[in-house]
Amino acid sequence: MLLEVTNLNTYYGQSHALQNMSLQVAKGEVVALLGRNGMGKSTTLKSIMGLLKPRSGKVVFDGREITGQAPYKIAQAGIGYVPEERRIFPTLSVMDNLMMGVKGGKIDRANPDAWTIEKIFDHFPFMKERTHQRGAHLSGGEQQMLTIGRTLMGNPKLLMVDEPTEGLSPIMVKEVRDVLRKISQSGISILLVEHNLKMAMSVATRVYLMAKAHLGYTGTVAELAANAEVRAKYLEV
Ligand SMILES: Nc1ncnc2c1ncn2[C@@H]1O[C@H](COP(=O)(O)OP(=O)(O)OP(=O)(O)O)[C@@H](O)[C@H]1O
Ligand SMILES: [Mg+2]
């Protein structure tokens, strides 16, 4: 397993927001984490990333325990995190936004698998024409892509993306879906939080559905597709 999360418990003050949450992502796998509003999906990602310190439980990544470590250390270990709120640098150019994602500020030319600006342009062609434009001048969907591109520049082994299609037009949703597929084909594992069930089921092979603060159901996408009862119980219908 690339990511192994076992019995995480996270609190906001007295509120027990994550109760014995467990999930796994294998190398090369795309896994979706789904559930209604406020169930604890973002809390799960933040707890993995070290942005929230779990009170108990364990996060093992790539064979190493990383539970509650500083977020920058977890990023260095190889987890790229794209939060719900798009975090572009509005006054910086597209190019500078991408370069902000490079760990240590220098592209690793010695590593043939390392992400380069050219490789980013292959995945996101629109950026090539707009390298000098400010981040603020991109559309919402383009900003989302830029955040993903910037995160890839850090060469993650696992990409955790929190609701990348929130508020996007149907065309942009398809583009984000295609980009995630291509990223997955390049060998990166993905943990995807989504509200758009159709989109999630078209990129992931396994799903975890959250009930309030805990895991409600897990199975393959095919199993979920065949189970209307589970979908009605845990997801918007
Ligand atoms: N900073 C916070 N302080 C206190 N409670 C919080 C905080 N952030 C989230 N919560 C609460 O924790 C619960 C889980 O929130 P979380 O953001 O993880 O849900 P989510 O599944 O990501 O929902 P959404 O689909 O709306 O993004 C919710 O009840 C939420 O109100
Ligand atoms: Mg959320």
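**Entry 1: the chain as a whole**
I kept in mind that this is a predicted model. I looked up the secondary structure and found 10 helices and 10 strands in the protein chain. Next I checked the radius of gyration: it is 17 Å, close to the 18 Å from the globule rule for 237 residues, so the chain is as compact as a globular protein of that length. For the extents, I noted that the C-alpha atoms fill a box of roughly 45 × 35 × 35 Å along the principal axes.

**Entry 2: burial, surface and contacts**
I looked up burial and got 51% of the 237 residues as buried. The accessible surface of the chain is about 11000 Å², and carbon and sulfur atoms hold 52% of that. I then turned to contacts with a separation of 6 or more: 65% of them join residues 24 or more positions apart.

**Entry 3: who surrounds ligand 1?**
I found 13 residues around ligand 1, with Asn37, Gly38, Lys41, Thr43 and Glu84 the closest. By class, I noted two nonpolar, six polar and five charged residues in this shell. Helix H1, residues 41–49, gives the largest share of the shell, with three residues.

**Entry 4: polar atoms at the ligand**
I went through the distances from polar side-chain atoms to oxygen atoms of ligand 1. For Thr43 I wrote down 2.5 Å, for Asn37 2.7 Å, and for Ser42 2.8 Å. Last, I looked up the cover: on its own ligand 1 has 640 Å² of accessible area, and the protein covers 61% of that.

Technical notes:
Residues numbered from 1 in each chain as written. Chains lettered and ligands numbered in written order. Predicted model: local features only at pLDDT ≥ 70, side-chain atom pairs only at ≥ 80, totals over all residues. Heavy atoms only, no water. Near = heavy atom within 4 Å. Polar contact = N/O pair within 3.5 Å; in protein donor to acceptor, adjacent residues only side chain to side chain. Areas by Shrake-Rupley, 256 points an atom, 1.4 Å probe, with all protein chains shown as cover. Helix = DSSP H or I, 4+ residues; strand = E, 2+ residues; numbered from the N terminus. Nonpolar A, V, L, I, M, F, W, Y, C, P; charged D, E, K, R; others polar. Rg over C-alpha atoms; globule rule 2.2 N^0.38 Å. Buried < 20%, exposed > 50% of the residue type's maximum accessible area, 1.4 Å probe, protein only. Contact = heavy atoms within 4.5 Å.
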